[in-house]
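Have a look at the sequence and the structure, then work through the tasks one at a time.

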Amino acid sequence: MDYAELHLFLHLSRTLHFGKTSRECHLSPSALSRTIQRLEGEVGQPLFERDKRSVALTTAGELFRTHASDALARWQRFKQHLGEGPKLAGSISIFASVTACQSFLPRILDNFRRTYPDIHIKLETGYAADALSMLERGSVDVAVAALPHRIPARLAARVVLHTPLVFVAPTSECRVSDQIERRPIPWDEVPIVFPAAGLARTSAEQWFKRRHAVPNVYSRVAGNEAILSLVSLGCGVGIVPRLVMERSPLRAEVRQIDVEPRLDPFRIGVCTDRRKLALATVRAFWDSVETEQA
């Protein structure tokens with residue numbers, strides 16, 4: 001196998017779409033298929049599961065993706081050492097929530113830093129709901145955000161992971177705990193710590209609307225950690241991404257409630273203004289991002 005084949009494999013592992021990868025890498029679908037078949041022959045196992053409607057990485061494919069990424073990063077560093085590689089320098093500004101910084105973002109940044117150590121990363125944290133507005137104002141080059149169902153045409157986005165949006169309640173004995181134990185749950189009585197803005201608020205509002213219920217709003221709060229703080233105190237039931245709950249220092253003091261219908265899951269991704277992809281530093285970061293599928 002050669003480095004060009006590894007590049008094609010990694011591109012396909014991100015898109016999971018043979019047609020898109022063949023177009024963006026400027027080769028025919030049949031040539032791409034032959035390349036993947038050749039790699040699978042060398043590995044000795046299928047790297048992708050594919051049918052007429054979908055493409056997915058196999059377990060072997062997941063492992064090979066790590067190998068291919070490491071191999072290309074080492075090759076890039078070797079060429080840079082010889083003075084042949086793209087010694088990109090400069091800076092890139094990234095906005096992300098604290099949860100993203102403490103969970104999946106370090107893996108993405110590590111892959112980027114190993115390949116482009118001379119690019120200075122400016123990382124800013126804040127409320128997740130502010131991510132897209134930071135891009136719109138031109139305050140940052142890249143944002144890590146929950147992606148809407150319809151992404152504005154001016155933005156480029158790559159899904160990194162999916163996480164359910166869940167109702168959470170206190171684990172302590174209190175009036176709220178008693179209320180959610182009743183069947184059916186009296187949603188018109190249960191105090192709700194409502195997201196103040198963003199996709200979580202929209203999803204929560206739609207959920208209550210589908211149930212023909214009016215939420216008993218305890219307060220509208222900006223920031224998932226603030227929501228979890230009030231929930232842990234027994235002030236009400238909150239609505240947060242499960243990833244946030246699982247990573248929170250308060251995770252032992254709150255618990256997930258199973259509800260029907262389920263809230264729409266979040267697609268978490270990196271996004272940027274398409275015009276910024278003309279910047280070498282942003283394009284380098286963009287190309288280094290590996291996606292995960294639900």
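This is a predicted model: local features need pLDDT of at least 70, side-chain atom pairs count only at pLDDT 80 or more; totals for chains, interfaces and linings use all residues.

**Exercise 1. What volume does the largest pocket have, and which residues lie nearest its centre?**

Step 1: the volume. The largest pocket comes out at about 710 Å³. A pocket here is an open set of points on a 1 Å grid over the protein atoms alone, with protein on both sides within 12 Å along at least five of seven lines, and lining residues have an atom within 4 Å of a point. Grid points are joined across faces, edges and corners, and the volume is the space filled by probe spheres set on the points.

Residues are numbered from 1 along each chain as its sequence is written, and side-chain values use heavy atoms, with hydrogens and water left out.

Step 2: the lining. There are 34 lining residues in the largest pocket, and Ser97, Tyr127, Ala128, Ala129 and Asn224 are the ones nearest its centre. Elements that contribute two or more residues to this lining are helices H5 (98-102), H7 (131-136), H9 (198-210), H10 (224-232) and H11 (242-247), plus strands S5 (142-146) and S12 (266-273). Helices (H or I, at least four residues) and strands (E, at least two) are DSSP runs, numbered from the N terminus. The top contributor is H10, with 4 residues.

Step 3: Sorted by class, the lining of the largest pocket holds 25 nonpolar, 7 polar and 2 charged residues. For the bookkeeping, Ala, Val, Leu, Ile, Met, Phe, Trp, Tyr, Cys and Pro count as nonpolar, Asp, Glu, Lys and Arg as charged, and the others, Gly among them, as polar.

**Exercise 2. In what order do the strands of the sheet with edge strands S4 and S6 run?**

Step 1: the order. Five strands make an open, mixed sheet, S4-S3-S5-S12-S6. Its edges are S4 (119-125) and S6 (155-163), each pairing on one side only. Two strands pair if DSSP finds at least two bridges between them. From one strand to the next, the twist averages 20 degrees.

Step 2: zoom in on S3. Strand S3 (residues 90-96) is joined to S4 by 7 bridges, in parallel, and also pairs with S5 in the parallel sense, over 2 bridges. Ile94 has a bridge partner on each strand: Leu123 in S4 and Val142 in S5. S3 is largely enclosed by the rest of the structure because 5 of its 7 residues are buried (under 20% relative accessible area; exposed is over 50%, partly exposed in between, with a 1.4 Å probe and protein chains only).

Step 3: H6 (residues 105-115) lies across S3, S4, S5 and S6, at about 165 degrees to S4. Contact means heavy atoms within 4.5 Å; axes are lines fitted to C-alpha atoms, for helices over the stretch in contact, and angles run from 0 to 180 degrees between N-to-C directions.

**Exercise 3. Which strands pair with S7 in the antiparallel sense?**

Step 1: the partners. S7 (165-170) pairs antiparallel with S10 (residues 237-241) over 4 bridges, and 4 bridges also join S7 to the antiparallel S11 (residues 254-257). Leu165 stands opposite Pro241 in S10, while Ala169 has Arg255 in S11 as its bridge partner. S7 is mostly covered, with 6 of its 6 residues buried.

Step 2: The order is S9-S8-S10-S7-S11, open and mixed, with S9 (216-221) and S11 as edge strands.

Step 3: the helices. H9 lies across S7, S8, S9 and S10, at about 140 degrees to S8. H10 lies across S7, S8, S9, S10 and S11, at about 150 degrees to S10.

**Exercise 4. Is Thr99 buried or exposed?**

Step 1: check the area. Thr99 has a relative accessible area of 11%, so Thr99 is buried.

Step 2: list the contacts. Leaving aside neighbours within four places in sequence, Thr99 touches Leu243, Val244 and Arg247.

Definitions and conventions
On a 1 Å grid over the protein atoms alone, a cavity is a set of points where a 1.4 Å probe fits but cannot get out, and a pocket is an open set with protein on both sides within 12 Å along at least five of seven lines; lining residues have an atom within 4 Å of a point.
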